[in-house]
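Student: I have just opened this model. Can we go through some of its labels together?
Tutor: Gladly. Here it is.

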Amino acid sequence: MSEEDGARLLGSLRTVEVPASDGVSVSRAIRTGKRTKSLRVATAGVLVLIVAGVVPLLVRPGGTPPAAGSGFDPLVRNVSVRETDGLRPSSYITGRDVQVIFLKPVGGGDQKGSVNVFTADSFRYAAGEPLPDINGMRARWNGDSLALEWSPGAWAVVRVEGFPDDRDRTRRLAANLTFGEHIEIKVPYTVETSWKLNRVFDDEGDVQLEFENSVRIALRGGVGFVQGHAPQAEVEALEKSLRRADPPVTNPFR
């Protein structure tokens, strides 16, 4: 996934002013979102590339990292990266088949980096120029990105753009990755729903939940952000259940 794709996904939700109450008007937001058919279709086209073959699951695993061939838990980040050459991690997308980290310059600028970590079942990588192993992991260069076999048969794709020495910086970024992490995402709200969770978007603490029906929700102060379609009864049930969580919680489902 490119940074542009991530920006569209993170920024495509419509805002809805929420009255002073315990709940968020999800149904009104979804009705408003129906007017943006072209945007919704374009976004869905991106989602299909990422979530094909997803196995629904809401129960989070324990402290043992998932096997490379099994799905990730969307509420847990399994990879982390340190600030490298002035690029710092700024936003994350955690899905069942792929986890993404976007990086941006500490002092501002157009340069960028990204890390896409795939399960063994979701991505096959064979091409590319063989490189020396990185932290004991097989590595290959493919023109503008570095592929790293983080677990047998499972690959991560690392990319740095905008510098004269992108290749060297990409290798250093790959060397600073830590796999097998168990970082639970803190969500500033809770919800009651039977919908299955697909992905979580975390843009510097602005957390969005995306369900298997492609409805995405977020809660920021007194404003709800929603996009997608759903049966009216389920929308109303979600509307009544959405609550702020202070402090944020690692399990947003009640």
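Tutor: Start with Asn135, which sits in the loop between β6 (129-134) and β7 (137-141). Keep in mind that the model is predicted.

Student: Why is Asn135 called exposed?

Tutor: Its relative accessible area is 54%. Exposed means over 50%, so Asn135 is exposed.

Student: What makes the phi of Asn135 worth a remark?

Tutor: The phi of Asn135 is positive, about 50°, and Asn135 is not a glycine. Most residues other than glycine have a negative phi.

Student: Where does Asp85 lie?

Tutor: Asp85 is in the loop between β2 (76-81) and β3 (87-94). Asp85 is not a glycine either, and has a positive phi of about 50°.

Student: Why is Asp85 called partly exposed?

Tutor: The relative accessible area of Asp85 is 34%. Buried needs under 20% and exposed needs over 50%. The value for Asp85 falls in between, so the residue is partly exposed.

Student: How do you know that the peptide bond between Asp246 and Pro247 is cis?

Tutor: Omega is about 5° there. Most peptide bonds are trans. Pro247 belongs to strand β16 (residues 243-249).

Student: Which residues touch the most other members of the largest nonpolar core?

Tutor: Among them are Val115, Leu146, Trp150 and Phe179, in a core of 27 residues. Strand β9 (residues 154-161) gives the most to this core: four residues. Another core, of 18 residues, lies apart from it and includes Val191, Trp195, Leu197 and Phe253.

Student: What makes such a group a nonpolar core?

Tutor: Its members are buried nonpolar residues joined through side-chain atoms within 4.5 Å.

Terms used
Residues are numbered from 1 along each chain as its sequence is written. This is a predicted model: local features need pLDDT of at least 70, side-chain atom pairs count only at pLDDT 80 or more; totals for chains, interfaces and linings use all residues. Side-chain values use heavy atoms; hydrogens and water are left out. Helices (H or I, at least four residues) and strands (E, at least two) are DSSP runs, numbered from the N terminus. Buried means under 20% relative accessible area, exposed over 50%, partly exposed in between (1.4 Å probe, protein chains only).
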